[in-house]
Amino acid sequence: MKRPLSLGLFAALALGPASHAMAEWQPPGPLTINIGFKEGGGTDTQARLIGAELSKKLGWKIIYKNVVGKGGSKMARRMKGGPTDGSTIGMAVTTTFTFNPLLGKSIGYSADDFDFIISTAPTQTGLVVRKDSGWTSLQDVVAAAKNKTLRFGVATPRLGEAARLIAKKYDVPFNYIRAKGGRGVLNGLMTKAVDLGFISGIQVRAVEAGNLINVASGEAARLRMSPQVPTLKELGIPYQLGVRFIAFAPKGIDQKAKDAIAAAFRGVLSDEKSKARAFVKRAFGEPPLKTGAALAKQVADEVANNKKVLATIE
């Protein structure tokens, strides 16, 4: 009598040759996905949608843990030196590793303490205000800031530096309000707890609904959702805020586990019927899905670039 295929093996084989790695490795137990940002944000939504697909297609049991604080740094510190059997991974943005550790040794980790598995999405970072503010450009914001101190929602240290660079260029003060991720900034805008802030893509629905508007793009190019809005660089601020969302693991993760998890994420984000892919494409754009040496190089290049940026600001 032939032994039946496991759900995970059957699903991996059904997904094609690219998923061969998944047929060779299965999680030793529940797969814990640590999420460095608040529930409902871009990182959290991706993690949960991808995890749901992994459970459905491969039979993997997923546990989600939101470890929120300091732009993903709180989570990274906790994961440093963690299990390397593939049972524990994290979801964050590249600046958690390429910018935050440059702010001082007290951060407690560096990019070298982790292995990077796959990039899941680009960002669509915009400087966002409420539609009812009456502001339609960065110049409008600056004019308002000269009359009263505006509250600037800040989700990560790097975005805080960008906010200070704007304040310095235009000689205006801001009251910086720390927010828990892009969702925190979004909620702050909608409840009028902040006046402006950078959000990296999840503002798209509120922009389409006419509740929020982007007054500047923080990316190298103009935003897909607001192509009429200039970039910071076009406005004379040489600061590019675009990063990548990534899955990662503690340094030394088993190679078969790393390959299988990357293949599983790729399978979900390449599937045109996947809710995870639909969310990423709408909010951020085409999933980049970089792995291996290409992803490691991107992280290293970001570290080098951020060192130059910090030297300029200082």
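# Charges and aromatic rings in a predicted model

The side chains of E39 and R48 come together in a salt bridge, with 3.9 Å from N to O. In this predicted model, the structure holds 16 salt bridges.

**Salt bridges**

- Side chains of opposite charge can pair when their charged atoms come close.
- D301 and K297 meet through their side chains in a salt bridge of 2.7 Å, N to O, and both lie in helix α12 (residues 292-313), four residues apart, which is about one turn of the helix.
- At 40% relative accessibility D301 counts as partly exposed, while K297, at 52%, counts as exposed.
- A network of salt bridges links R130, D132, R151, K192 and D195.

**Positive patch**

- On the surface, a patch of positive charge gathers K38, K65, K70, K74, R77, R78, R178 and K180, and helix α4 (residues 73-79) supplies the largest share of the patch, three residues.
- K180 is found in the loop between β7 (174-178) and α8 (181-190), and K180 counts as exposed because its relative accessibility is 55%.

**Aromatic rings**

- The count of aromatic pairs comes to 13, and in one of them the rings of F97 and F248 have centres 4.7 Å apart and planes at 65 degrees, so the pair is edge-to-face.
- This pair links distant parts of the chain, 151 residues apart, with F97 in helix α5 (residues 95-98) and F248 in strand β10 (residues 244-250), and both F97 and F248 are buried.
- F174 and Y176 also form an edge-to-face aromatic pair, with 6.3 Å centre to centre and 65 degrees between the planes; F174 counts as buried at 10% relative accessibility, but Y176 counts as partly exposed at 28%.
- One aromatic cluster is formed by F97, Y109, F114, F116 and F248.

**A buried isoleucine**

- The C-alpha atoms of I62 and T125 are separated by 29 Å, and the two residues are 63 residues apart along the chain.

Notes: Residues are numbered from 1 along each chain as its sequence is written. This is a predicted model: local features need pLDDT of at least 70, side-chain atom pairs count only at pLDDT 80 or more; totals for chains, interfaces and linings use all residues. Side-chain values use heavy atoms; hydrogens and water are left out. Patches are made of residues with over 30% relative accessible area and no salt bridge: like charges are joined within 9 Å, nonpolar side chains (Val, Leu, Ile, Met, Phe, Trp, Tyr) within 5 Å. Accessible areas come from the Shrake-Rupley method with a 1.4 Å probe; for residues, only the protein chains shown count as cover. A salt bridge is a side-chain nitrogen of Lys or Arg within 4 Å of a carboxyl oxygen of Asp or Glu. Lys and Arg count as positive and Asp and Glu as negative; His and the chain ends are not counted. The place of a charge is taken as NZ of Lys, CZ of Arg, CG of Asp or CD of Glu. Helices (H or I, at least four residues) and strands (E, at least two) are DSSP runs, numbered from the N terminus. Buried means under 20% relative accessible area, exposed over 50%, partly exposed in between (1.4 Å probe, protein chains only). Rings of Phe, Tyr and Trp (its six-membered ring) pair if their centres lie within 6.5 Å; planes under 30 degrees apart count as stacked, over 60 as edge-to-face and the rest as tilted.
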